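Please look through the structure below before reading on. The paragraphs after it are meant for someone who has not seen it before.

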Amino acid sequence: MQETIKHVACPYCGACCDDLEITVEDGKIIEVKNACIIGTEIYHHASREGRVGSPRRRQPDGTYKDITYEEAIDFTAKMLIKAKKPLIYGFGSTNCEGMAAAGRVAEDAGAVLDNCASICHGSSFLAIFDTGYPSCTLGEVKNRADVVIYWGSNPQHAHPRHLSRYGVFPRGYFTGKGYKGRKVIVVDPRYTDTARCADHFLQVQQGHDYELFDAFRMVMHGYADKIPAIVAGVPKEKILEVCDIIKGGRYVHIFFGMGLCHSDGRNHNVDIAINLVRDINEYTKCTIMAMRGHYNIAGPGIVWAWQFGFPYCIDLTKGSHAHMNPGETSSVDLANRGEVDAFINIGTDAGAHFPIRAFEKLGSGMPMVTIDPSVNMAATVSDVHIPVAIVGVETGGICYRMDNVPIQYRAVVEPYNGILTDEELFDRIYERMQELKKEGWTTDEGTWDYATPLADVRPVKEVYE
Amino acid sequence: MTEYIIKNGSVIDPTQGINAQKMDICIKDGKIVDSVSGNAKVIDAAGKTVMAGGVDIHSHVAGPKVDSGRLFRPEDKLFRSPMRKSNLRMEMGFSVPSVAKTGYDYARMGFSYVVEAAMPPLEASHVHEEIRDTPIIDESAMPVMANNWFLLEYFKNHEIENAGAYASWILNATRGFALKCVNPGGTEAWGWGLNCVTINDPVPYFDITPAEIVKGLIETNEYLQLPHSVHVHANNLGNPGNYTTTLDTLKLVEGYAPKSAFGRDQVMHHTHLQFHCYGGDSFKSSSFESKSKEVMDYVNKTKNLTIDTGNVTLDETTTMTADGPFEYHLTHLNHLKWTNVDVELETAAGVVPFVYDPKTYIAGAQWAIGLELALFAQDKERCFITTDHPNAGPFWRYPRVYKWLLSAKARNDVIENELKYGNKVVDTTYIGELSDKEISLYELAQMTRSGVAKALGVSHMYGSLKTGMAANVAVYDIDPENLPSDPEQYEKAFTNSFAFFKDGVLAVENNEIVNYSMPKKTVWVNSIVPENKQVERDIRDKFLKAYTVDLENYAVFDEHVHNPYAIKVDITQ
Amino acid sequence: MSKVIHLNMVTQRAVEEGEAMESGKTTQLYFDVCSLVEMNAEDIKELDINPNTVVKVTSECGEVIVKAVVARQTCPRGLCHIRQGVWANQVVPPRTQSTGEPQYSGFPVTIEPAPEARIVPAVELIQKACNKWNGQLLWPM
Amino acid sequence: MTVTVTLTKQPELYLEADQITPDVFAGKTLDEIGAIFISEGKVKYPLSEFATIEGAAGETAADTKIVLKGDWTKVKRIGQQMTAGEIVIESDADMYIGGWMKGGKLTVNGNVDSFCGIAMAGGELVVNGNAQNHVGSAYRGDWRGMTGGTLRVKGNVGNDIGTFMRGGTIIVEGDAFIHVLTHGEGGTIIVKGNIEGRVGGQAVKGDVYVNGKIDFMMPGFAYVDDVECEVDGETAVYAHYIGDLGERHSVVKGETVFSNLYLKK
């Protein structure tokens, strides 16, 4: 029987388009409407042959053998308890319920808890710590913005429907002319497909956005005359022209991406962008937003902030309190320095996305578990690979869009082969750790103050209505 | 379920007129009962005070801006978080605590029910996620409504029935509790970087004034017959000379009478009044002064008003409010980091760290003004103690505020020893005039229990020790017959209750949390109104044209509301 | 002796890479769209090769064999781009400037023609680096 | 009085030794010092598990000197929050050396990793080798960075030197990479070698002296005049720039207060 499920939110990028229509027949996805090419692929992939339907254990010869969930959970729980400093990293494609459950496990295990922002918009977090975040929801851009700036971000590739749904083309309440009423400015070292949509393209010298922002800020502070003739490859006249457009706008919005976060200076490129937004507000309304990559990569920052007060790079090893300092407690630095002794890769692929010189230390020297619906690079070197249900396809849950608006996801088919959700899996790891601790399991050496189990910290359900 | 008997305590329960009477409180199956069997566990409360569980009418404890405050202040955790106690979760944060610390600290203070002060409807499921993860306490959340495009349009056309139908839809869609009004019109103006600082400033484009919005909300609230009144944060918060705006706003209640079956007498609750009682025209000590008396004179004689204080605790804290333009103003005063979130069609929010430094004149004056409000209040059933957590100070400082109100000595000690400009503060405020005034424990119970529950319309659930009530009971190490001579004892006793029962479960015993793994409620108002095709069309239209989420994904799904408990209000009957 | 060119490298997302990633990193599609270095046409000329020639990219921390193509999203002269993923990360320096974020964008590389070299499949690269390569691709592309 | 602690065993991961300060050691017997906990991840050990302890501690922090021998490369947080006394590290050391230090003297006869002297408020910290990033910087999110004391690095440093600095002095005798006095609101930084760039970005106040060259100047710094300055005991002529013109600045008695950059001619 065919059924079409509407208003489905897409588990690909941070734009979290929630208008997908998925047609399902006999538990298989047969048609995807409204999604971009990447989103469409996610749904089709879910119904393709070759999915992993059971946890698997790597054998000495490199092949994999199916094991039960009990065995996989037991392996993971023991690994977490025995390690001195286990790392749980990922959560790029997990719902918030799973992240909350993972937070409980990490605290109980004395682990370091980190998410993909660590190698993505982590710099933005550092900037937000220092400078704050004058932002808005995407509807404000749609309804009010008449000057839109994409700085170091390329949504035509990374967020394919961003321009049409939010940033450039939509007609909103005060923006009835759609793209004709908006000035679009793109700043990038490459002439990207997004730059091709711009009214003004500033080709900044790679790695020198910081200086260009400083020049923009000089205009806002009344020192336009002191700007050198060329800043970061951009002529002074062009800077002044764009600043005039900004000052003349009714509502200016800046979207920024990896071009700022990944280059020299990292967080300071973002932090000065935020300060530019403060400056522009002296002239006209201005807001800024990070182009968060994955559909729920804003989620762990939000969930762990309410659990631990920090969005990422959370060192829970002390047991008494959480500690965060990227550069020390960040996954790549921990890997580089050889500072962890067990690794869970969950809902991401550190194998493909960490620099290999960092990943090889995690992938070769310690027990490793990958939790992911698919075979990814990390899974190919893990001791245990545990498949879980795909969020937005096989399970619902809350996910946070790039503007931190919670989007309620839906399941369109049953989990393949009855595999567990992230939340169920982490809750079972939690339960197993409690059992093991009661049996006296602890670290191999030294003393661990938190080897005694807590009372169950999971929320208690009760029906009142 | 276990039976308990709290023996020989000095019971204070204003709902029954009981003032420090030696009596036993019996608990069975989660309720207060007349008697229990001989098997009941005994809590010896001799020489201690027994009150109903506390009720907080206004506290920012869950949701997007609270979490932004947590997220962007790592330094609020560094060396400022208590070390974890065995068997509890980590408690992180000083001014904006993690959810675990929030639940634990309220329980330690003997509070059973807390109302989150501002929920952006679009982000309601975020609020509910945090409520789920907050242990022990029951919670509600108030959707912010005073800058909502639907309502601005309905109010402009005086369409109260349509406004009612929409507000009712929002309460149901967000699982919300009451209608919150923050900087009416000003926050929408902030969408263009502007503000409304009097009740007559027109809102850009919408051609309506804050006064019309507030009156519209009062009428809508009474049309819906909601348990709580409209909950107002007026225009012009925090600015010198703003008391005239405050009085103008308060006077909007004239001519309105409450229409509700839940026992409240007010048609407006004005929150964190301390921030709204300033005279003068600048923050200079030669100008800035207290106008608490002028405002409280009006409050005292106006029976359909309630207020809460918003006491400054003289701490480094984090301000957060849906009053977007105010936070922008604040970041320009102190140059500290500034987070802002404008929420499409609905509201905004700003977050800025702030240090209430006792070495500054202004912080001293603000501290005095907050206390004056409570001391001037004639009817303690209409004036409640808050810190507008975390705006004027963290909620876990309530016991310190209680100390300053219960003990003139403690207050004078601050003026003489802690404030750098104590004499100047005495000159420009009324704190000197009130120098020997103190509230009683009975009045404290009114201001934190019975009065609060009544104003919220939940006196059938909270704030009382009557037989049949849910067993939310706090026992404090204070002997009403032998009050402590050292005021520090008040702070200590109220910070760590001797015992606390939440729904009949012993959560705190011998001043330590012993159980946090228990069910907790999300209390919401299920408002039922006549079918309204016009409003249904308007909603569909706005979602089609202006929102960036699908209508069908907007209302919080049932599975995302943790242990919902509905208060049903049906006006079609 | 073949020419060597010194360039500044960035690695970022591409829609082709995103689609291929969701289809699976062990697939031929992922191999085809990610094992490329995009360059300015003039830089390719300077290297004295035709577009689509296999080259060796070397950075301070490693090397990788990929195919050189003319960037459709134009790189200015002196800048080159490998789409984020397995091949890019063979040469991305792991240094983070104490932020947690590796040097994904803005690091010096040299590029030289290597027409005879083999572009190594993703799984083989990862498993070799982790000393877990047993000589056969268990996930044929 | 001197306590000599010799590290005899290397950790598998890294050790955290925030308890190694004169403040903690003062008034303790050698056995008590040996029982002080150091941690490796979630595991705690008594210090004596990893080190031998000799000598004697003074009665107070001020008259306690701690000498660390052996290889301390993988030990963090030595001297954290120390208020008085002296520590000498006779090897390389890891992160947070002298972090949140308030007084006393800490000398490292080797290199240190990042975050040395973070949020330092007083005392003297000398690194006779190189330091990595975030030297005398602020903790994440805090607008109150280094407020006092002197921090001297004989070798080179990385990025974020004196970020959010408000007081005190940082002297780098070698080169610095990028971000020097970023967000500065006071204090003095002297770099005797070269800097790649981003000097004084977003600085509100504070002074930077550079004896070498700067590859990329911030556009927001404008040349004013040449001045003769005495810098770390040597006098020379410097080109004086003010900035960051893209940042807010306070006005004191009608005069705008800028951050100053002095570049040796």
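This is a predicted model: local features need pLDDT of at least 70, side-chain atom pairs count only at pLDDT 80 or more; totals for chains, interfaces and linings use all residues.

Residues are numbered from 1 along each chain as its sequence is written, and chains are lettered from A and ligands numbered from 1 in the order in which they are written.

Chain A is assigned domain 1 (2-46), domain 2 (56-119 + 296-438) and domain 3 (122-290); such bounds come from an automatic or database domain assignment. The centres of domain 1 of chain A and domain 3 of chain A, taken over C-alpha atoms, are 32 Å apart. Between these two domains, seven residues of domain 1 of chain A are in contact with six residues of domain 3 of chain A. Two residues are in contact if their C-beta atoms, placed from the backbone, lie within 7 Å. On the side of domain 1 of chain A that touches domain 3 of chain A, six residues are nonpolar, one is polar and none is charged. Here Ala, Val, Leu, Ile, Met, Phe, Trp, Tyr, Cys and Pro count as nonpolar, Asp, Glu, Lys and Arg as charged, and the others, Gly among them, as polar.

Chain A also has an open sheet of five strands, in the order β11-β10-β9-β14-β15, with parallel pairing. Strands (E, at least two residues) and helices (H or I, at least four residues) are DSSP runs, numbered from the N terminus, and two strands pair if DSSP finds at least two bridges between them. At the edges of the sheet are β11 (200-203) and β15 of chain A, each of which pairs on one side only. On average, neighbouring strands of this sheet are turned by 15° against each other, direction ignored. Strand β14 (residues 251-256) of chain A is joined to β15(A) by six bridges, and the two run parallel. In β15(A), I288(A) is the bridge partner of I254(A). Across β9 (147-151), β14 and β15 of chain A lies helix α11 (residues 267-280) of chain A, running at about 160° to β15(A). Axes are lines fitted to C-alpha atoms, for helices over the stretch in contact, and angles run from 0 to 180 degrees between N-to-C directions.

Which chains share the most contacts among the five pairs of chains in contact? The pair is chains A and B. Their contact involves 64 residues from chain A and 57 residues from chain B. Several elements of chain A each supply at least two residues of the side that touches chain B, among them α3 (96-109), α4 (122-131), β8 (134-136) and α12 (298-308). This side of chain A divides into 30 nonpolar, 19 polar and 15 charged residues. Strand pairing also crosses between the chains: β8(A) pairs with strand β16 (residues 339-343) of chain B in the parallel sense over three bridges. Within β16(B), N340(B) is the bridge partner of P134(A).

Chain B has 17 helices and 24 strands. Its radius of gyration (taken over C-alpha atoms) is 22 Å, close to the 25 Å that the globule rule gives for 573 residues, so chain B is as compact as a globular protein of that length. The globule rule is 2.2 Å times the number of residues to the power 0.38. Of the 573 residues of chain B, 66% count as buried. A residue is buried if 20 or more other C-beta atoms lie within 10 Å of its own, exposed if 12 or fewer, and partly exposed in between, with C-beta atoms placed from the backbone. Chain B and chain C do not touch, and their nearest C-alpha atoms are 15 Å apart. With chain D, seven residues of chain B are in contact with six residues of chain D.

Some backbone details remain. Most residues other than glycine have a negative phi, and most peptide bonds are trans. In chain B, the peptide bond joining H389(B) and P390(B) is cis, with omega about -5°. P390(B) is in the loop between β18 (383-384) and α12 (398-406) of chain B. In chain D, F115(D) is a residue other than glycine with a positive phi, near 65°. F115(D) counts as buried because it has 28 C-beta neighbours inside 10 Å.
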